[in-house]
Amino acid sequence: MFAEEKDMIVETIHLAAEREAARSAYEAENGPKKWGVYLPEEKALNDYLMTLDREVVETLEALMLLGRDNEFREEDRSPEENYLKLKEERYHHHPDQQAAVYYLTGKKPLAQYIEDGLAYLGIVL
């Protein structure tokens with residue numbers, strides 16, 4: 001599972017972690033980040049996600065949702081079945097690539113959510 005997406009998932013986690021570290025450093029020095037302040041690490045993550053196929057962005061979203069909370073983890077299904085059901089239900093949930101990317105980048109702990117989703121599925125990349 002995720003053999004084709006592995007490098008893209010790893011790079012997304014890396015860029016999201018860099019973004020989160022940069023944001024924490026910014027806020028430690030300047031206080032809460034204000035609307036309109038756009039850190040280079042945020043741009044790097046956004047730009048990277050915009051280069052990915054829509055299917056990969058949707059895979060990242062499903063991993064993020066599974067890692068975020070138990071809302072999509074039905075106990076009568078295996079983790080893989082929950083993942084596949086979530087992918088099917090949310091297929092093209094957002095109107096376009098930009099909206100899908102915006103949804104992902106709006107999650108402050110995105111790297112952790114994706115890692116937690118992978119862990120839930122029992123996948124180590």
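In which helix is the place of Met50? Met50 sits in helix H2, where helices (H or I, at least four residues) are DSSP runs numbered from the N terminus.

The model is predicted, so local features need pLDDT of at least 70 and side-chain atom pairs count only at pLDDT 80 or more, while totals for chains, interfaces and linings use all residues. Residues are numbered from 1 along each chain as its sequence is written, and side-chain values use heavy atoms, with hydrogens and water left out.

**Stop 1: Met50**

Select Met50. Met50 counts as partly exposed because its relative accessibility is 32%; buried means under 20% relative accessible area, exposed over 50%, and partly exposed in between (1.4 Å probe, protein chains only). Leaving aside neighbours within four places in sequence, Met50 is in contact with Gln97, Gln98 and Val101, contact being heavy atoms within 4.5 Å.

**Stop 2: helix H1**

Select residues 6–30, which form H1. This helix has 25 residues and reaches 36 Å from its first C-alpha to its last, close to the expected 36 Å, a span defined as 1.5 Å times one less than the number of residues. Colour its buried residues: Ile9, Thr12, Ile13, Leu15, Ala16, Arg19, Glu20 and Ala22. They pack against H2, H3, H5 and H6. Just after H1, Gly31 takes a positive phi of about 85°.

**Stop 3: the largest nonpolar core**

A nonpolar core is a set of buried Ala, Val, Leu, Ile, Met, Phe, Trp, Tyr and Cys residues joined through side-chain atoms within 4.5 Å. The largest one holds 31 residues, of which Phe2, Ile9, Leu60, Ile114, Leu118 and Leu121 touch the most other members. Helices H1, H2, H3, H4, H5 and H6 each supply at least two residues, and H3 gives the most, with 8. Centre on Phe2: beyond its neighbours within four places in sequence, its contacts are Ile9, Thr59, Leu63, Tyr83, Leu118, Leu121 and Ile123.

**Stop 4: the largest pocket**

Select Lys33, Tyr38, Glu42, Tyr102 and Thr105, which lie nearest the centre of the largest pocket among its 17 lining residues. H1, H2 and H5 are the elements that give two or more residues to the lining. By class, the lining has 4 nonpolar, 5 polar and 8 charged residues; Asp, Glu, Lys and Arg count as charged, Ala, Val, Leu, Ile, Met, Phe, Trp, Tyr, Cys and Pro as nonpolar, and the others, Gly among them, as polar.

Methods:
On a 1 Å grid over the protein atoms alone, a cavity is a set of points where a 1.4 Å probe fits but cannot get out, and a pocket is an open set with protein on both sides within 12 Å along at least five of seven lines; lining residues have an atom within 4 Å of a point.
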